[in-house]
Amino acid sequence: MDNRLRKITIVGGGTAGWMTALNLDMMFSRTSAPKDRPHICLIESPNIATVGVGEATVPRMPRMIREAGISERDFFRETNASFKLGVKFCNWNKDAKGNRIDYVNPFAHGQMMHGLEAAEYFLRFGNGDRDFTQSISPHDHLGRLCKGARQLGQPEFEQRFGYAYHLDAVKFAGMLTKICTKRGVEHIQDEVQSVELDEQGNVSHLMLERKGRHDIEMVVDCTGFRGLIINKALGEPFVEYSDYLPNDRALALQIGHPDPEKIESLTRSTALGAGWTWRVPLYNRVGTGYVFSSAHRTDDQAADEYLEWLGDSGKGATPRVIPLRIGRVRNAWVKNCVAIGLSGGFIEPLESTAIHMIDHAVRWFAEHLPTRDIDPSLRARYNRQVNKLNEEVLDFICLHYRLGNRTDDQYWIDARTEMKISDRLAENLDLWQHRLPMDHDIEFATLFDYRVYQTVLLGKQVYDTGYGAGIRDRLRPLKKPIWFQWKKGAQADLAQIIKTMPDHKTLLRDI
Ligand code: FAD
């Protein structure tokens, strides 16, 4: 019997739906003859809007764009994109004197010096320095000075150091729509009204409002927080992360640039009274939002706090309220349905991870999808991978709260003391009171390896504010000149980079 997969149906036309369509189509066209490729169709309701946020990305994104055959110039122009060099965390922690700490988590890695981590030398000798990131990378300086990520006229995708993008989510989905339909993906604008299952519990067909019955072989649920097929039709339970993370609502507002010539090449996350705000500067506007806990603020209270933070930019505006479903489905792949994007799960967007997670999920799905006959072991392995990815992100986000030290609002105390963390993270946090994070501490890392953990620990100055007190006395003896010599060279390199990099807005105009 011919067990070739002949058709894949994607339901949902947000970032997740179109990224899935593009990745699957690229994979099939690279690997199979036209007659053997499954037909891909995407059904999108014309009446249900996409979530319309999700505008900051991580450094895998340029590779994804390049692999999709998209020119970076077209991408920048069509999505009003800008460069992102990292995330600036403002006022999440206080230093030993009680002053607010602002530090950058850059898209750059620390280095090895004579077989040891630069971070260890920094911890021992870097007392007088403002922060670790500024010693090892130019990202903070470049971001603050509104400089770009590469020279004018340099080839597309060329990277001297890691970068990602800020993009307009709605325009990005629009660009993917055009690319996919041109490649032959069928686009059906219709609403799924009901989902029918066969005797084995597989999805057999969908009933569409206008077109009627749509038969299913394999379906990808990209219906956002609704989880129309995975949760509602197949009844797969949703595993809440509310014991781990306090925030469950967001407010969002787009504002103009206070100075259109100055575009910061960083995402900013600023801690407020009951959560944190994002600030994502695009070419033509700024996306902002406030992610907060409804146990600590009503929508009105949060809106007042948020608008006050926005100042003149928020005057008279009414932010959009977005309830957040934080957690993941128990299994993202059930029977002949796989949930990708917000339908599969969502962890608060502190490190802009959702698009990265979609990208991984689609690739893993394609790898585990040989034919129509899906052996349970394939589904099980896929689900294990996706769950590990969720745990990777969850641990890293929890770290920011657990190592916070603010006491000015009950929210921050609760976020630090009342929220659970995984046994993995708890064990590491015990260990890191005695030494810095090392390679083998993090067993699964698509994005957050031990060096990113080092950056957060040192950025928050946790070794000066209680956690791991006295660690410096317990560090191995090191030769001081090694650090100072290395630092001198590194600072000269940084100064040169900072001097020669172009203004961000000028670079974007050039692109
Ligand atoms: P949606 O955009 O909600 O799309 C759902 C689609 O399903 C729509 O097309 C809708 O029409 C369709 N649909 C629903 N029901 C039906 C039906 N019955 N019939 C037919 N079609 C249907 N991610 C990042 O990477 N970086 C960030 O900085 C970031 N920030 C975020 C901030 C907030 C506050 C939130 C909530 C999310 C953020 N995300 C971020 C996540 C990101 O927005 C999403 O992962 C991404 O947009 C994908 O969404 P989606 O496609 O899964 O769902």
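Which strand does β11 (residues 203-208) pair with, and over how many bridges? β11 pairs with β12 (residues 212-215) in the antiparallel sense, over 4 bridges.

## Ground rules

This is a predicted model, so to speak of local features the pLDDT has to be at least 70, side-chain atom pairs count only at pLDDT 80 or more, and totals for chains, interfaces and linings use all residues. Residues are numbered from 1 along each chain as its sequence is written, and side-chain values use heavy atoms, with hydrogens and water left out.

## Hairpin and sheet

Back to those two strands: β11 and β12 form a hairpin, with 3 residues between them. Leu208 has Gly212 in β12 as its bridge partner. Strands here are DSSP E runs of at least two residues, helices are H or I runs of at least four, and both are numbered from the N terminus. Two strands pair if DSSP finds at least two bridges between them.

Elsewhere, 3 strands make an open sheet with antiparallel pairing, in the order β14-β20-β23. Its edge strands, each pairing on one side only, are β14 (238-240) and β23 (345-346). β14 and β20 (residues 327-329) are joined by 3 bridges in the antiparallel sense, and Phe238 sits opposite Val329 in β20.

## Around the ligand

There are 34 residues around the ligand, and Gly13, Ile48, Val53, Ala56 and Ile355 come nearest. To be near, a residue needs a heavy atom within 4 Å of the molecule or strand in question. By class, the shell has 18 nonpolar, 11 polar and 5 charged residues. Ala, Val, Leu, Ile, Met, Phe, Trp, Tyr, Cys and Pro count as nonpolar, Asp, Glu, Lys and Arg as charged, and the others, Gly among them, as polar.

Taken alone, the ligand exposes 1000 Å², and the protein buries 96% of that. Those areas come from the Shrake-Rupley method with a 1.4 Å probe; for residues, only the protein chains shown count as cover.

α1 (15-31) and α10 (354-367) each supply at least two residues of the ligand shell, and α10 gives the most, with 3 residues. In α1, 14 of the 17 residues are buried. Buried means under 20% relative accessible area, exposed means over 50%, and partly exposed is in between (1.4 Å probe, protein chains only). The end C-alpha atoms of α1 are 24 Å apart, which agrees with the 24 Å its 17 residues should span at 1.5 Å a residue. That expected span is 1.5 Å times one less than the number of residues.

α10 is largely enclosed by the rest of the structure, because 11 of its 14 residues are buried. Among the buried ones are Ile355, His356, Asp359 and Trp364. From first C-alpha to last, α10 reaches 20 Å, close to the 20 Å expected.

## A buried and an exposed residue

His139 lies in helix α6 (residues 139-144) and is buried, with a relative accessible area of 0%. A polar side-chain atom of His139 lies 3.3 Å from the backbone oxygen of Phe107.

Ala295, by contrast, counts as exposed, at 70% relative accessibility. Ala295 lies in the loop between β18 (286-292) and α9 (299-310). Ala295 and Tyr401 are 106 residues apart in sequence but 16 Å apart in space, C-alpha to C-alpha.

Terms used: A polar contact is a pair of N or O atoms within 3.5 Å; within protein, one must be able to donate a hydrogen and the other to accept it, and residues adjacent in sequence count only if both atoms are side-chain atoms.
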